Amino acid sequence: MKQLLFILAALSLFACHGGQTSSPQAEGDTVPFKYARQLTVVRYKDCTVATLNNPWKPGKTLRRYVLIPSGSLSSSAAAAPGSTVLRTPLSRSMIFTTVHCAMLQALGREDCIAGVADLKYIKIPWVQQQVAAGRIADVGEGMSPVIEKIIDSRPDAIFLSPFENSGGYGKLEDIDIPIVECAEYMEESPLARAEWLRFYGMLFGCEHEADSLFAVVDSSYQALSRLAREAKDQPTVMVDKVTGSVWYVAGGKSTIGRMIADAGGRYLWADDAHSGSVSLPFEAVLERAGEADVWLFRYSADHDITYGELAGEHHGYRQFKTFRNRSAYGCNVELSRFYEESPFRPDWLLSDFIQILHPSLTGLPPLRYYQKVK
C-alpha cells in the first residue's frame with residue numbers, strides 16, 4: 001500500500017508540472033476553447049499547461065508552456081523536459097509586434113510592456129511616448145535585436161511571431177529569457193485567432209477581462225455574419241496587389257478568406273488549402289480574378305491611393321474588371337490601425353467587408369479600415 005501511494009503521488013506531481021498520464025481526468029481540467037484549434041490549455045492544482053500546436057507540422061508541438069503563479073512554491077525545475085516555464089502574471093515583457101502591444105492596451109495591461117522591437121512599425125502614440133521618455137526600451141529590429149538592451153530591461157518573457165522554417169531565434173535563445181511564440185495568426189478563422197486573447201489574459205493576470213472582451217467580439221461577429229446572410233448576392237472578391245515580382249494572396253484557409261465568406265462574398269481562392277499567404281505570378285492572378293467584382297487590397301502611404309497611382313505601379317491592373325468598373329477598396333495601413341486592431345477585433349473588419357460587398361445593408365458604422373479608391 002505504501003508503494004502504491006508513493007507511485008500515485010509521483011504521477012500526480014508529474015502531471016501538475018506539464019507531464020502526461022494515461023487518464024485525462026487525472027491530468028487536470030481542460031479549458032474549453034470555442035474556436036481556437038492550435039492551442040490547448042489544461043489547469044492543474046498548482047500550475048497551468050498550455051500546448052501550442054505546430055501549424056506547419058500537423059501532430060507536432062511548437063512549444064509547451066508551464067504557467068506557475070509567482071507566489072507558488074512549485075519548483076520550475078519539475079516541469080516536463082522541453083517545457084518553457086512562465087511565472088505568472090507577467091509584468092515586464094519584451095513585445096516584438098505592434099498587434100500584441102495593442103492587445104495589451106485593450107486589456108489594460110500596457111504597463112507590462114518593458115521593451116519593443118521594430119518601433120517604426122508600432123503606430124501606437126502611447127508606446128511611442130513611453131519610448132521617447134525612456135520608460136520603454138527600444139531594442140532595435142526584430143530580426144536582429146540588440147541583445148544587451150534586452151538583458152538590461154530584465155524582461156520576464158519575449159513575445160514574437162514564429163514563421164515556418166525560421167531556424168530558431170539565434171542569440172535570443174541563449175539569454176535564458178522565456179520566448180512566447182505568438183502563433184495565433186495561423187488559426188483558420190478570425191474568431192479562432194481572436195480567442196487567443198484568453199490565453200494572453202492568463203499570462204498577464206487579466207483572464208476575466210480577456211474572457212469578457214472575447215465574448216463581446218464573438219457576439220458582435222456572429223450578429224454581423226447573420227446580417228450578411230440576408231444579402232441576396234454573393235460578389236466575387238480578389239485581394240491585395242503585386243509586391244516586387246509576385247502577388248501574395250491570402251490562402252483559402254486563412255482568416256481573411258474565411259472572413260470574406262462570413263461577409264457574404266465568394267473568395268476566388270477559397271479552394272486553396274493554405275492558411276497563410278500564397279505567392280503567385282501576376283498572370284495567374286489575372287487568369288482567375290480578371291472578372292472579379294470587388295478588389296480589396298492593403299497598402300502603405302502618407303495619402304489615399306488613386307487609380308492613376310495604381311496604374312503607375314503596374315500597367316497590368318488596367319486589365320481587371322475591378323479597375324475598369326472602379327470597384328477597388330484600399331486599406332492604408334499607415335493611416336489606419338488595421339494591423340493593431342483587426343486581429344483581435346475581427347468584428348470591426350467584418351463590418352467593413354459587409355458594407356463593401358453589400359452596400360444595400362444599412363445600420364452599420366462608417367468604414368473603419370478600407371476606403372473606396374478615388
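Colleague: Which residues does Leu39 touch, not counting residues up to four places away in sequence?

Modeller: The model is predicted. In it, Leu39 touches Phe33, Ala50, Thr51, Leu52, Asn53, Glu187, Trp196 and Phe199, with residues up to four places away in sequence not counted. Leu39 belongs to strand β2, residues 39–43, and is buried, with a relative accessible area of 4%.

Colleague: How many residues does the largest nonpolar core have, and which have the most contacts inside it?

Modeller: In soluble globular proteins, nonpolar side chains tend to be buried together. Here the largest nonpolar core has 104 residues, and those with the most contacts inside it are Phe159, Leu203, Trp247, Phe320 and Tyr370. Helix α8 (residues 207–228) supplies the largest share of this core, seven residues. Another core, of 14 residues, lies apart from it and includes Met94, Ala117, Val139 and Leu160.

Colleague: What is Tyr370 in contact with, leaving aside its neighbours within four places in sequence?

Modeller: Tyr370 is in contact with Leu296, Phe297, Arg298, Tyr329, Gly330, Cys331, Phe338, Leu349, Asp352, Phe353 and Ile356, once neighbours within four places in sequence are left aside.

Colleague: Is strand β16 mostly covered or mostly uncovered, and which strands pair with it?

Modeller: In a regular strand the side chains alternate between the two faces of the sheet. Strand β16 (residues 294–299) is mostly covered, with five of its six residues buried. Strand β11 (residues 236–239) pairs with β16 in the parallel sense over three bridges, and Leu296 of β16 is the bridge partner of Val239. Strand β17 (residues 328–332) runs parallel to β16 and is joined to it by five bridges. Gly330 of β17 is the bridge partner of Phe297.

Colleague: What is the strand order in the open sheet of five strands?

Modeller: The order is β8-β7-β6-β9-β10, with parallel pairing. At the edges stand β8 (137–138) and β10 (179–181); each has a single partner strand, so one side of each is left without a neighbour in the sheet. Within this sheet, β6 and strand β9 (residues 157–160) pair in the parallel sense over three bridges, and Ile158 in β9 is the bridge partner of Met94.

Colleague: How many of the nine residues of helix α3 are buried, and what covers them?

Modeller: An α-helix has 3.6 residues a turn, so residues three or four places apart point the same way. Helix α3 (residues 98–106) is mostly covered, and seven of its nine residues are buried: Thr98, Val99, His100, Cys101, Ala102, Met103 and Leu104. The elements that cover these buried residues include β6 (93–95), β7 (113–116), α4 (125–132), α7 (196–203) and α13 (338–341). Just after α3, Gly108 takes a positive phi of about 75°.

Colleague: How many aromatic pairs does the structure hold, and how is the pair of Trp295 and Phe297 described?

Modeller: A pair of aromatic rings is described by the distance of the centres and the angle of the planes. The structure holds 24 aromatic pairs. For Trp295 and Phe297, the ring centres are 5.0 Å apart and the planes are at 50°, so the pair is tilted. Trp295 is buried, at 0% relative accessibility, and Phe297 is also buried, with a relative accessible area of 0%. One aromatic cluster is formed by Tyr65, Phe159, Trp196, Phe199, Tyr200, Phe204 and Phe344.

Colleague: Over which rings do the charged ends of Arg326 and Arg368 sit?

Modeller: The charged end of Arg326 sits over the ring of Phe323, 5.1 Å from its centre. That of Arg368 sits over the ring of Trp348, 3.9 Å from its centre.

Terms used. Residues numbered from 1 in each chain as written. Predicted model: local features only at pLDDT ≥ 70, side-chain atom pairs only at ≥ 80, totals over all residues. Heavy atoms only, no water. Core = buried A, V, L, I, M, F, W, Y, C linked by side-chain atoms within 4.5 Å. Buried < 20%, exposed > 50% of the residue type's maximum accessible area, 1.4 Å probe, protein only. Helix = DSSP H or I, 4+ residues; strand = E, 2+ residues; numbered from the N terminus. Contact = heavy atoms within 4.5 Å. Pairing = 2+ DSSP bridges. Phe/Tyr/Trp six-rings, centres within 6.5 Å; stacked < 30°, edge-to-face > 60°. Lys NZ or Arg CZ within 6 Å of the ring centre and 35° of its normal.
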